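Please open the model in your viewer and keep the selection tool at hand. The stops below say what to select next and what is there.

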Amino acid sequence: MRLRDKAVVITGAASGIGKAAAIRMAEEGASVLLCDINTKEGELTAEHIQENGGTALFMETDVTDEDSVQQSIQYAYKQWGAINILFNNAGVGGHEKKLHEVAAEEWDQVINTNLKGVFLGIKYVVPYMLEKGKGTIINTSSVLGFKGKKRTGPYNAAKGGLVTLTKNSALEYGRYGIRVNSIGPGVIDTPIVDEWRKDEKKWQIISSANALGRIGKPEEVAEAVLFLASDEASFITGETLMVDGGGLTF
Ligand code: NAI
């Protein structure tokens with residue numbers, strides 16, 4: 001088991017990539033705290049893991065709310081006496097609009113969830129990792145953190161910001177035994193892309209615009225997260241691992 005005796009906190013764990021990572025990490029022996037605003041699906045996922053012999057708890061968490069993030073991280077520490085891995089994954093897509101049409105409130109919602117939420121996770125988990133002199137953090141960026149796309153300005157800004165925030169935190173904490181990396185998913189089959197599915201013609205193009213010519217599965221992203229979280233990635237930090245079927249190359 002690659003994550004035996006490791007305590008993990010995952011945000012956005014009720015669905016898609018976060019859910020797949022929670023299930024996969026629990027299979028590898030981790031104790032997992034699932035954090036999400038979607039209480040129903042989060043609890044169901046935790047129960048699913050428990051029924052399959054894993055260790056999992058759910059805590060309702062809004063990553064845009066500082067107190068909520070702090071409380072969830074404290075809760076995990078109280079349960080397991082350590083937090084070895086944080087997967088900062090919660091995110092929203094936002095509405096497709098040109099920048100001059102984006103309301104300031106919409107900008108705030110995407111930035112606060114996708115970028116500030118990651119900052120808050122790092123802020124509150126790092127003291128516990130410093131105490132133990134080890135830990136690893138994985139942030140979910142995107143192909144759209146590396147290239148522009150029309151009508152996704154706030155999302156591009158947040159995901160691009162995560163790439164450099166990952167480098168910054170890797171530098172600040174590397175000497176204290178903490179590794180920080182990102183993943184860069186391409187188009188992955190989760191509810192976040194439901195808006196794009198509505199236009200069948202457009203969807204066919206979007207969902208196959210990569211070297212492999214197909215959409216990715218959340219389980220395929222979970223494998224990359226597991227790798228970065230494990231000791232197998234012990235000399236990797238500050239990196240973003242693309243999990244995009246060659247989407248950025250395309
Ligand atoms: P998803 O919609 O299935 O999962 C996102 C989860 O985040 C949901 O469970 C949602 O309830 C939760 N969430 C949203 N706002 C939250 C908040 N304020 N606090 C706590 N939880 C919150 O979508 P998916 O694809 O699993 O997304 C996971 C991450 O992957 C996101 O950061 C997304 O931007 C990123 N991503 C997804 C891609 C895709 O094609 N599916 C591509 C590139 C990146």
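**Stop one: the negative patch**

Begin by selecting helix α2, residues 39-51, which gives the most to the negative patch, with three residues; helices here are DSSP runs (H or I, at least four residues) and strands likewise (E, at least two), numbered from the N terminus. Before going further, please note that this is a predicted model, in which local features need pLDDT of at least 70 and side-chain atom pairs count only at pLDDT 80 or more, while totals for chains, interfaces and linings use all residues. Residues are numbered from 1 along each chain as its sequence is written, and side-chain values use heavy atoms, with hydrogens and water left out.

Now select Glu 43, Glu 47, Glu 51 and Glu 60, which gather on the surface in a patch of negative charge. Such a patch is made of residues with over 30% relative accessible area and no salt bridge, like charges being joined within 9 Å; a salt bridge would be a side-chain nitrogen of Lys or Arg within 4 Å of a carboxyl oxygen of Asp or Glu. Of these residues, look at Glu 43, which is found in helix α2 and is partly exposed, with a relative accessible area of 39%. The words used for exposure are buried for under 20% relative accessible area, exposed for over 50%, and partly exposed in between (1.4 Å probe, protein chains only).

Is Leu 248 buried or partly exposed? With a relative accessible area of 32%, Leu 248 is partly exposed. If you leave out residues up to four places away in sequence, Leu 248 touches Val 143, Phe 146, Lys 147 and Met 242, where contact means heavy atoms within 4.5 Å.

Leaving aside neighbours within four places in sequence, Gly 247 is in contact with Lys 147, Ala 209 and Asn 210.

**Stop three: positive phi values**

Select Asp 5 in the segment before β1 (7-11), where phi is near 65 degrees, a positive value in a residue other than glycine. Asp 5 counts as exposed, at 70% relative accessibility.

Finish at Arg 151, in the loop between β5 (135-140) and α5 (153-173). Phi of Arg 151 is near 70 degrees, a positive value in a residue other than glycine, and Arg 151 counts as partly exposed at 38% relative accessibility.

Notes: Patch = residues over 30% accessible without salt bridge, like charges linked within 9 Å, V, L, I, M, F, W, Y side chains within 5 Å. Areas by Shrake-Rupley, 256 points an atom, 1.4 Å probe, with all protein chains shown as cover. Lys, Arg positive; Asp, Glu negative; His and termini not counted. Charge placed at Lys NZ, Arg CZ, Asp CG, Glu CD.
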